[in-house]
Amino acid sequence: MSIAVAVIGAGVIGRAHIRILAALAPEQGRLAAIVDPTEAGAELAARLGVPHFREAEAMLDTVRPDGAVIATPNALHVPGARACIDRGVAMLIEKPIADDLDAAAAVAEAAERADVPLLVGHFRRHNPVMGAARRLIREGRLGRLVAVSADSLVLKPDPYFDIAWRREAGGGPVLINLVHDIDALRFLCGEIDTVQAVTGSAARGFAVEDTAAVLLRFRSGALATITLSDAVPSPWCWDQTSGENADFARHRANAYRICGTEASLEMPEMALWRYAGTRGWGQPLTREVLAVPPRDPLAEQMRHFLRVIRREEAPLVSGRDGVATLAATLAVKRSAETGEAVRPGAALEPVA
């Protein structure tokens, strides 16, 4: 039976989901409707031959899809999610679930109570490289995790900041970009115990940060550092090294280094460094590049969502996962403001 999926919001990411759905074989799934208040959204729906609506509620009551992708602006995620929950419609909600932690937790809990499947759109987890690295770590190939180094260093072009909200607090790389890296590191390394951070805006002088240095302590005891900036020419960023987004120029470099007591792993290249015999810094290391066939993580996420709708799989990124990643990201902002370590699981309160 073909699964009918509607897309709510036909902006950049919404159109990516629409493209993927429209390309599916009918027996896999199909695009059921587009919800968007703009004429461009209406024109897209007409071109694809699917119903167009300006409001989610009208679409849900008329089309009654099996699932819905919520790709609206962040402030509209909660009402869209509530409308789906009330009608028992499975959801793929783009990150973040909500603008604040309480609202995000309320949506996740409401979906659980109503037994409505909820998948959060942290699509990086669907990259086969992420899955392969997670298996290596869980199988103990790296030994006990000790240290992680992650970079998210790019140069956003000047016209990017012609939009006013991108120059204001809340519009910077912590909430827009770093949230992806935090979710990826949670997926690979486990839950985060404490967060410490410093942010700066010296490169551009805007009200919003352009740079951050972050220290994470995982519950396992492993430590991670993340260096973030959207004001520097650099290849060291997941988007520019993984090749998963055609909008970014690809560079042969690595953004993450995952280091354990037995071996270390560079990602996304999947280069495994270890000693073949006697161990110690006086001995040569071997370097093995592990082959991982590439696949489009957005398409993989959609295929997974269809299986979630059918109740064949549990969401890879659950509502609770989405809340935990949002909590850790907001903890970065809180720590930078207070100068104190923050425990994400404790309502963003500083650590005593």
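**A tour of salt bridges and one buried Asn**

Start by selecting Arg279, which is partly exposed, with a relative accessible area of 49%. Before you go on, keep in mind that what you have open is a predicted model.

Next stop: Arg87 and Asp61. Here you'll find another salt bridge, with 2.6 Å between the closest N and O atoms. Colour the helices and you'll see Arg87 in helix H4 (residues 77–87) and Asp61 in helix H3 (residues 56–63), so this pair ties together parts that are 26 residues apart in sequence. Is Asp61 buried, exposed or partly exposed? Its relative accessible area is 40%, so Asp61 is partly exposed. Arg87 is at 33% relative accessibility, and that makes Arg87 partly exposed as well.

Now select Arg295 and Glu300. Their side chains meet in a salt bridge, 3.5 Å from N to O. Compare the two ends: Arg295 counts as partly exposed at 44% relative accessibility, whereas Glu300 is buried, with a relative accessible area of 17%. Why does Glu300 count as buried? Because its 17% falls under the 20% cut-off.

Time for a group selection: pick Arg125, Asp183, Arg186, Glu191 and Asp321 together. Salt bridges that share partners join these five residues into one network.

For the last stop, zoom in on Asn127, in the loop between strand E6 (118–120) and helix H6 (128–138). With a relative accessible area of 7%, Asn127 is buried. Which side chain does the side chain of Asn127 make a polar contact with? Select Glu244 and check the distance: that polar contact, side chain to side chain, is 2.7 Å. Then show what else surrounds Asn127. Leaving aside neighbours within four places in sequence, Asn127 is in contact with Trp238, Ser242 and Pro297 as well as Glu244.

Methods
Residues numbered from 1 in each chain as written. Predicted model: local features only at pLDDT ≥ 70, side-chain atom pairs only at ≥ 80, totals over all residues. Heavy atoms only, no water. Helix = DSSP H or I, 4+ residues; strand = E, 2+ residues; numbered from the N terminus. Buried < 20%, exposed > 50% of the residue type's maximum accessible area, 1.4 Å probe, protein only. Polar contact = N/O pair within 3.5 Å; in protein donor to acceptor, adjacent residues only side chain to side chain. Contact = heavy atoms within 4.5 Å. Salt bridge = Lys/Arg side-chain N within 4 Å of Asp/Glu carboxyl O.
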